[in-house]
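Look at the model below before reading on.

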Amino acid sequence: MLRDRTAALLLTALAPAVWGSTYLVTTELLPPGRPLLAAVLRALPAGLLLVAVTRQLPKGSWWWKAMVLGTLNIGLFLALLFVSAYRLPGGVAATVGSVQPLLVAGLSAALLGQRLTLRTLFSAVVGIAGVALLVLRADARLDAVGVAAALGGAAVMATGVVLSKRWTSPAPLLATTGWQLVAGGLLLVPVTLLVEGPPPSSLTTGNLLGYAYLGLIGAAVAYVLWFRGIKVLSPNEVTFLGLLSPLVAALLGWIVLGQGLTPAQLLGAALALGAVVLAARSAPRPAAPVAPTTAPAHADR
């Protein structure tokens, strides 16, 4: 049992680790100034691929549930993420976003009946401090809209994680993931056209490789692992793994781009990693699925 849970944690951790490579891929391979296009091409083709492979569409209440979850986990989250990234230095956006474990802990207590422990709260505070030391700069500027977007992104993702645990999908994991990616991608299409205009008329080989990586690895593979983790682990365990993203981003910046790491950043990395380990050791076991209030059980993930 312990071995199975450890394997589930390690597999789920691959998702935020992959997402930590997004910054490097975006800056080195993608055309500048098109973050929303990157979000659309990351979500929609991957979702359509998974739907085509599974050949399964939502049934009954899962039409609107897939839309809600796709909006929270993919569409609205990515839109707010890119707004915060544009309006704030990356360190500020990552630090504000690291409040997500706190939000998940509160929502899990309210919607799933999981006990909110002092150890979980302590782990969340340590994680925030670690991310701040790792990525925050002393001269970082604050922008009200950017901070609100970062907080909003953390809130909608936290809600999506908890609802994904509350609703249990009757369909295979690949199909449920595909539905959400399609729903989120479709939501982003009109926003992208309105804000950024039509796609570039020409793309380089590097651009195409970057978009392919974000779609196939960063979305299709990573979100399948992420949603599988939500299914078999507690929401608290899963959301703390998200702290690995800035760790991987900093590590890749050091290895690939030659960016230095100060003693304070190394301390921050150790604190963030410690918060992940502490949360994994203290998280409550997943609660039994909440029975739906209406007839037959067609719930999420």
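## Contacts along the sequence

Take the contacts between residues at least 6 apart in sequence: in this chain, 93% of them join residues at least 24 apart. The model is predicted.

## Helices and overall form

The chain holds 13 helices and zero strands. Its pattern, read along the sequence, is α-α-α-α-α-α-α-α-α-α-α-α-α.

For 301 residues, a compact globule would have a radius of gyration near 19 Å, and the chain agrees with this at 19 Å. Along the principal axes, the C-alpha atoms fill a box of roughly 55 × 50 × 35 Å.

## Buried and accessible parts

Of the 301 residues, 50% count as buried. The chain has an accessible surface of about 14000 Å². Carbon and sulfur atoms account for 72% of that surface.

## One side of helix 2

Helix 2 spans residues 22-29, and its buried residues are Thr-22, Leu-24 and Val-25. These residues lie on the same side of helix 2 because they cover an arc of only 165 degrees around the axis.

## A nonpolar patch on the surface

Tyr-23, Leu-251, Trp-254, Ile-255, Val-256 and Leu-257 make up a nonpolar surface patch. Together they have about 620 Å² of accessible area. Helix 12 (residues 244-255) supplies the largest share of the patch, three residues.

Leu-257 is located in the loop between helix 12 and helix 13 (263-282). Its relative accessibility is 32%, so Leu-257 counts as partly exposed, a class that lies between under 20% for buried and over 50% for exposed.

Key:
Residues are numbered from 1 along each chain as its sequence is written. This is a predicted model: local features need pLDDT of at least 70, side-chain atom pairs count only at pLDDT 80 or more; totals for chains, interfaces and linings use all residues. Side-chain values use heavy atoms; hydrogens and water are left out. Buried means under 20% relative accessible area, exposed over 50%, partly exposed in between (1.4 Å probe, protein chains only). Helices (H or I, at least four residues) and strands (E, at least two) are DSSP runs, numbered from the N terminus. The arc is that of the directions from the helix axis to the C-beta atoms. Patches are made of residues with over 30% relative accessible area and no salt bridge: like charges are joined within 9 Å, nonpolar side chains (Val, Leu, Ile, Met, Phe, Trp, Tyr) within 5 Å. Accessible areas come from the Shrake-Rupley method with a 1.4 Å probe; for residues, only the protein chains shown count as cover. A salt bridge is a side-chain nitrogen of Lys or Arg within 4 Å of a carboxyl oxygen of Asp or Glu. The radius of gyration is taken over C-alpha atoms; the globule rule is 2.2 Å times the number of residues to the power 0.38. Contact means heavy atoms within 4.5 Å.
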